[in-house]
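The structure is shown below.

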Amino acid sequence: MSQSVAEGGLDAFPQTTLSHAVRILTVSHFYERHGGGIERVAAQLCRQFARDGHQALWAASDCDPLPDAPIAAVPLRCANPTEGWTGLPMPIPGRRAMRDLARAIRASDAVIVHDSLYLTSILAMLFARMRGKPVVLIQHIGGIKFANALLRSLMRIANYVVTRPMLNAAQQLVFISDQVRHELLGDTDSPHSVLLFNGVDTSIFCPHDPKNNSAVRLRHGLPAEAKLALFVGRFVEKKGLGVIEAIARDCPDLQIAMVGSGPIRPESWNLPNVHLLGPQSQSTIAELYGAADLFLLPSVGEGYPLVIQEAMACGLPVVCGDMSARADPGAERWLRGVEIDLADPAGSAGHCISAIGRLLREPIDRTAMAEYAAKTYSWPVMARAVVQSLSRPVEAVDCAAGRFQPG
């Protein structure tokens with residue numbers, strides 16, 4: 001297991017300078033085993049930092065198991081009162097957590113912050129600025145158009161009051177979605193922002209032999225011959241669970257397999273064509289990508305969900321929210337984007353059903369899509385670009401179309 005601050009994990013590493021190996025502190029709201037996409041991205045980058053010879057530390061709420069070595073964990077004592085009943089994660093650090101985070105930042109060469117609206121992210125930015133540490137802010141999401149008007153208003157206020165100052169405070173901004181970058185920066189050509197897509201582990205997420213599809217389906221209790229849509233994600237409002245329910249009711253012949261968990265309980269829908277598989281390992285999810293006919297993610301307010309990229313790498317056609325479909329301009333030809341309005345699940349479901357019908361009638365070139373994903377989405381490229389942005393002038397970083405080219 002990884003060392004934590006309390007166990008002397010920080011003291012186990014000598015100080016370094018930015019010119020060679022870098023002692024990088026990553027700050028996110030949770031650790032990887034919490035199951036969210038941001039946490040998975042943070043984990044992959046930390047592992048790649050370590051593989052590249054850097055010293056990877058990771059500070060996050062202590063409500064989940066710590067990451068394994070070679071990542072050194074900095075567990076933060078936090079309360080998380082909102083996620084269980086609203087689906088919105090907002091860990092609240094106590095005094096001890098603030099002390100441990102400040103100590104970790106003091107001992108680090110640079111800080112990587114994942115998303116701006118979490119209290120741990122805000123504190124990390126403040127402490128890093130006080131210590132003169134370089135900060136890269138990786139912004140994953142934009143505004144979330146909740147069905148509830150009050151929540152939509154609160155999100156707009158939070159982006160104005162918190163997100164924009166955080167963007168201005170960072171030495172380097174990394175956007176994982178072109179649409180999120182445009183939403184938050186407009187047409188401004190910021191010299192300290194780059195578009196850099198998350199990577200995909202192609203040793204796991206790659207095209208599978210279709211001869212195994214029936215066996216995979218039967219193993220999970222799924223019909224062997226019916227058209228099968230796959231959802232992977234948290235069971236929360238912004239993922240479009242209300243839209244999925246409406247799709248399932250309107251299309252009883254379409255089977256929908258759902259991987260994940262959360263406060264929304266799809267079993268309460270009592271729909272025989274909805275199959276709940278619970279959380280699954282990455283290798284099992286990859287098998288399911290291979291066995292399904294399409295991937296369905298009618299979400300809002302997201303940048304470029306990692307599950308979409310992984311589905312592409314497996315050659316699985318995708319129907320998703322229009323914002324996610326435009327995250328990578330080079331991938332738009334492969335993705336079927338749909339305008340999603342959480343306040344109108346029935347109307348949004350109708351748009352999705354039309355897109356699904358067109359996709360099934362006019363199949364895409366799955367092989368070409370998988371090859372594009374394997375060629376474009378790389379964890380080593382992303383991690384090395386982030387590190388180099390800390391040790392070089394911003395102008396030396398060129399991440400156009402998700403590729404990093406040394407200046």
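In what order do the 7 strands of the open sheet follow one another? In this predicted model, the order is E3-E2-E1-E6-E7-E8-E9, and the pairing is parallel.

## Composition of the chain

The protein chain holds 14 helices and 17 strands. It has 407 residues, of which 57% count as buried. Its accessible surface comes to about 16600 Å², and 53% of that surface belongs to carbon and sulfur atoms. Among contacts between residues at least 6 apart in sequence, 66% join residues at least 24 apart.

## Strand pairing and helix packing

Strand E1 (residues 23-27) and strand E2 (residues 55-61) run parallel and are joined by 5 bridges. Within this pairing, Thr26 has Trp58 in E2 as its bridge partner. Helix H3 (residues 95-106) packs on the sheet and touches E1, E2, E3 and E6. The direction of H3 makes about 150 degrees with that of E3. Helix H1 (residues 37-51) lies across E1, E2, strand E6 (110-114) and strand E7 (135-139). Relative to E2, helix H1 runs at about 160 degrees.

## Salt bridges

Side chains of opposite charge can pair when their charged atoms come close. The structure holds 13 salt bridges, and the table lists some of them.

| Salt bridge | Closest N and O atoms |
|---|---|
| Arg384 and Asp52 | 3.1 Å |
| Asp100 and Arg99 | 3.6 Å |
| Arg219 and Glu287 | 2.9 Å |

Which parts of the chain does the salt bridge between Arg384 and Asp52 link? Arg384 belongs to helix H14 (residues 379-391), whereas Asp52 sits in the loop between H1 and E2. These are distant parts of the chain, 332 residues apart. Arg384 counts as partly exposed, at 42% relative accessibility. Asp52 is likewise partly exposed, with a relative accessible area of 27%.

The salt bridge of Arg219 with Glu287 joins two helices: Arg219 lies in helix H7 (residues 213-219) and Glu287 in helix H9 (residues 282-291), so the pair ties together parts that are 68 residues apart in sequence. Arg219 is exposed, with a relative accessible area of 51%, a value over the 50% cut-off for that class. Glu287 counts as partly exposed, at 28% relative accessibility.

Arg99, by contrast, counts as exposed at 52% relative accessibility.

## Aromatic pairs

The count of aromatic pairs comes to 8. One of them is the edge-to-face pair of Tyr31 and Trp58, at 5.0 Å centre to centre with 80 degrees between the planes. Tyr31 lies in the loop between E1 and H1 and Trp58 in strand E2, so this pair ties together parts that are 27 residues apart in sequence. Both Tyr31 and Trp58 are buried. Trp58 is also the bridge partner of Thr26 in E2.

A tilted pair is formed by Phe205 and Tyr289, at 6.0 Å centre to centre and with 55 degrees between the planes. Phe205 lies in the loop between E9 and H7, and Tyr289 is in helix H9, so the pair ties together parts that are 84 residues apart in sequence. Phe205 is buried, with a relative accessible area of 2%. Tyr289 counts as buried at 1% relative accessibility.

Which residues form one aromatic cluster? The members are Phe197, Tyr304, Tyr372 and Tyr377.

Definitions and conventions: Residues numbered from 1 in each chain as written. Predicted model: local features only at pLDDT ≥ 70, side-chain atom pairs only at ≥ 80, totals over all residues. Heavy atoms only, no water. Pairing = 2+ DSSP bridges. Helix = DSSP H or I, 4+ residues; strand = E, 2+ residues; numbered from the N terminus. Contact = heavy atoms within 4.5 Å. Axes fitted to C-alpha atoms, helices over the stretch in contact; angles between N-to-C directions. Salt bridge = Lys/Arg side-chain N within 4 Å of Asp/Glu carboxyl O. Buried < 20%, exposed > 50% of the residue type's maximum accessible area, 1.4 Å probe, protein only. Phe/Tyr/Trp six-rings, centres within 6.5 Å; stacked < 30°, edge-to-face > 60°. Areas by Shrake-Rupley, 256 points an atom, 1.4 Å probe, with all protein chains shown as cover.
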